[in-house]
Amino acid sequence: MSARRVFSTDHKVVGLQYFFLALAAVTIGIVLSLLMRFHLVWPAAHLPFVRGGIMTPEQYLALVTMHGTIMIFFVLTTAPQGAFGNYFLPLQIGAPDMAFPRLNMLSFWLTLAAFLCMLAAFTVPGGAPISGWTAYPPLSGLGEVTGPGEGTGQTIWIIGILIFCVASLLGAINFIATTIDMRAPGMTLMRMPLTVWAWFVTAILSLLAFSVLLAGGILLLLDRSAGTSFFLPAGLVVNGELQGHNGGSPLLWQHLFWFFGHPEVYIAILPGMGVVAHVLANFSRKPVFGYRVMALALCAIGFLGFLVWGHHMFVSGMNPYSGLTFSLLTISIGVPSAIKTFNWLGTLWGGKIQFRTPMLFAIGFVSFFITGGLSGIFLAQPALDTMLHATYYVVGHFHIVMGVAAIFGIFAATYYWFPKMFGRSMDETLGKLHFWLTFIGVYCIFMPMHFLGVAGGIRRYADSTGAKYLAALQPLHEFMTIAAFITAAAQLIFFWNFFRSLKKGAPASANPWNATTLEWITTSPPAPDSFGGQFPRVYRGPYEYSVPGETADFLPQNLAPKGAAHGSGAAGVAATVGIPQRVYLTGAIMLLAGVLMFFMALVSAEIVRKGFSSDWQPLDLPWRILALSTAILLASSFTLAHSRNRLLANDDAGFRHWWGVTAILGLFFLAGLGISWRQLAVAGVGIATNPSSSFFYVFTAAHGIHVLAGIAVLVAVAFRAPRHLTRTTVAGVVSTYWHAINGLWVLLFVFLLLAK
Amino acid sequence: MKLRLTVTCAVWTLLIGLTASHAVAQGCAMCYQTAAASGAPARVALRHGILVLLLPAVSLFVGILAFIYRRNDRAR
């Protein structure tokens, strides 16, 4: 395989790279879970590949942490969006590629780097971290004093998450810009397949949620490495050793982490919902029941996902009317979820159902979604939640609704799109065998966990055999473990079927499922430019199956209606195809949305940290130099605007002159920040001196990096204009970024003044 | 007929709303209790911190949906 193919910018290659990364990740994740299950039943057993032979509680916790992290980030987030989204979003909207192919490639390689970083945590002294996938401080913030894995392993884990956040943000910008600006002529919003809707809403959630996790992760890393106290309270004594932190609050981490954690549930499940609707319609030979409502429900779930987070901790001591509003909004997330479930069932109702393997997995998804939804009702009651929270009930619930349901969505997508991706078909018999073993096996693993939880079986305990009150339930553990091994073995059928079919599967036609959406109008696998130069024009909705009055059972989206200019039954072809210039501005705006959320997370963190602490000391900042720097930055906005005007007036020399002046003013601003840092350092105020100084350094450093990036772009563009962009576009994009970053600084400056 | 339906919906919404204050749906008991156990200034700070994060997020979410809706005409 050539380096050109490995480092390809083709969305299909990038999609496959994500797919195989997720496949490797899920294999590791399953092995880790089997080790855990084995240990829970036979805690004294010698394991040949465990350091010391018998697994220690810390090693068990490391497995818990890494299983959760790998599965949530590198399987449930990566496969549905990164793999299938990258491969099929451009195909389904009739685009030649993603909006920013190089950025797309970069997203994948950063994700791979994050994955390798995560795995490296196993190899360092002390091993992998033990603080769980939620990395709650103080355990995750203090270092190796709190246990093996909390030294280098935890640091590497955080760095891996930070890299993953950046990769996800870049990916989200690409998905949003592509969906907004790269659709084929005729591909209106209400003609987009539900998969596209799902990837789009998921991308918005990723953009807003990963920015906040990025900010939180940086603060956690600073607590570990720079001696700050964002999350670490004073007076902590670990192993008889007093820790030198002051006034931080672990609740601040919960506040930031769950802003990401709640939408993450929907990031994992929404693409599966899209795929399931898509597959159910295809194999029921019926349009999706209530298509418009389904699309709106996807948007509503995304929107309400944030409000659920707000409700998470909002209730204490608040105005009762606000509580009522939040309660209502939170409860109402059940409405779009229920709408989707009823509409899936409505799609099946009266259809000519074909029980092919993708269909079975789609129905399995619906089954798990309903089961998980029903068990979730109990956790929504505080009185029950308090009792069940730390038990296996929660493990069973979230594995069914978030883990397995999403995985079944991935399996449905894999079996469904395999012929398109590889030009061959997977074996149906093996596929069905795989489905039934997995479907039954999963219920056998996770349903008993609910009973175990109700009986008081505590999760995260490495060994519960010593608890007498749980002795009667140990056979349940044994049953679940045997079921887990059988279910894991069933996945070997999938692997065999998958890799064998790559070489020896029956050749697939362009449209083996008689489907309607645009990915099926091109060859299997698609040509390098996706549509072989014949880019489609869209005339129809995405699910026109069994249309009354039509002889054909399905009508492809590009099929011109009777009486259209192309004539009856002709395939519509778009006149021109290219990357529209406006997509770059859209991309810049989305980038700025992510940047805004990042800084809002820091602002929010400062507000919460200040409210929780007794060690907050007002900082005597070098206001003069900061005010002067602010004035310089504002002036640079004027010079950039002038430069753009010169460009529009075709005055090239004037454009270059003022463009350069802007870059120089930006450098002056950075120098001003440097001087203010220097003055603080001379006064003995470092990043860890007190919380206000910590936030000041973080704010200015983060903003300075964004200004530096702007200067780099200004200089780069001055010497060499990008190939695909006109100069006017470049000037517009850079100006938007620069003005927004400058505006952000003004807001931060005012915030620092108010904080004083 | 339409007015009657609207009034009925409004009445039901109001009734549900009035009874919803005790329904702490999807609230995490652990987070809630930790927050509730904090002092009054901390709770106020938490509320403000949540709003600072929540309002931009929902505004941007709605803004991006409005953005794609406005661009819908270009696809026609």
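Author: What follows takes the labels in turn, for a model that is predicted.

Reader: What makes α17(A) roughly antiparallel to α20(A)?

Author: The axes of α17(A), residues 582–612, and α20(A), residues 691–719, cross at roughly 175 degrees and come within 11 Å. Angles over 145 degrees count as roughly antiparallel, so the pair of α17(A) and α20(A) falls in that class.

Reader: Which residues meet there, in α17(A) and in α20(A)?

Author: On the α17(A) side they are V595(A), L602(A), E606(A) and R609(A). On the α20(A) side they are P691(A), F695(A), V698(A), F699(A), A702(A) and H706(A). By class, this contact of α17(A) with α20(A) has 7 nonpolar, 1 polar and 2 charged residues.

Reader: Why is α18(A) called roughly antiparallel to α19(A)?

Author: The angle between the axes of α18(A) and α19(A), residues 652–682, is roughly 165 degrees, and the axes come within 8 Å. That is set against the cut-off of 145 degrees, over which a pair counts as roughly antiparallel, and so α18(A) is roughly antiparallel to α19(A). The crossing of α18(A) with α19(A) is left-handed. Its contact residues divide into 17 nonpolar, 11 polar and 1 charged.

Reader: How do you know whether P618(A) is buried or exposed?

Author: P618(A) has 9 C-beta neighbours inside 10 Å. A residue with 12 or fewer counts as exposed, so P618(A) is exposed. P618(A) sits in the loop between α17 and α18 of chain A. Its C-alpha atom is separated by 50 Å from that of V454(A), and the two residues are 164 apart along the chain.

Reader: What is said of S530(A), buried or exposed, and why?

Author: S530(A) has 24 other C-beta atoms within 10 Å. The cut-off for buried is 20 or more, and therefore S530(A) is buried. S530(A) belongs to the loop between α16 and α17 of chain A.

Reader: Why is S546(A) called partly exposed?

Author: Around S546(A), 15 other C-beta atoms lie within 10 Å. Buried needs 20 or more and exposed needs 12 or fewer, so S546(A), in between, is partly exposed. S546(A) is also placed in the loop between α16 and α17 of chain A.

Reader: What is phi at S530(A), and what is it at S546(A)?

Author: Phi is near 75 degrees at S530(A), a positive value in a residue other than glycine. S546(A), not a glycine either, has a positive phi of about 50 degrees.

Reader: Where are the cis peptide bonds at P138(A) and P525(A)?

Author: One joins P137(A) and P138(A), with omega about 5 degrees, and P138(A) lies in the loop between α5 and α6 of chain A. Another runs from S524(A) to P525(A), with omega near -10 degrees; P525(A) is in the loop between α16 and α17 of chain A.

Reader: Which residues have the most contacts inside the largest nonpolar core?

Author: They are I176(A), V276(A), A405(A) and A412(A), in a core of 247 residues. Helix α7 of chain A, residues 194–225, gives the largest share, 22 residues.

Technical notes: Residues are numbered from 1 along each chain as its sequence is written. Chains are lettered from A and ligands numbered from 1 in the order in which they are written. This is a predicted model: local features need pLDDT of at least 70, side-chain atom pairs count only at pLDDT 80 or more; totals for chains, interfaces and linings use all residues. Axes are lines fitted to C-alpha atoms, for helices over the stretch in contact, and angles run from 0 to 180 degrees between N-to-C directions. Helices (H or I, at least four residues) and strands (E, at least two) are DSSP runs, numbered from the N terminus. Angles under 35 degrees count as roughly parallel, over 145 as roughly antiparallel, 65 to 115 as roughly perpendicular and the rest as oblique. Two residues are in contact if their C-beta atoms, placed from the backbone, lie within 7 Å. Ala, Val, Leu, Ile, Met, Phe, Trp, Tyr, Cys and Pro count as nonpolar, Asp, Glu, Lys and Arg as charged, and the others, Gly among them, as polar. A crossing is left-handed if the near helix is turned anticlockwise from the far one by less than a right angle, and right-handed if clockwise. A nonpolar core is a set of buried Ala, Val, Leu, Ile, Met, Phe, Trp, Tyr and Cys residues joined through C-beta atoms within 7 Å.
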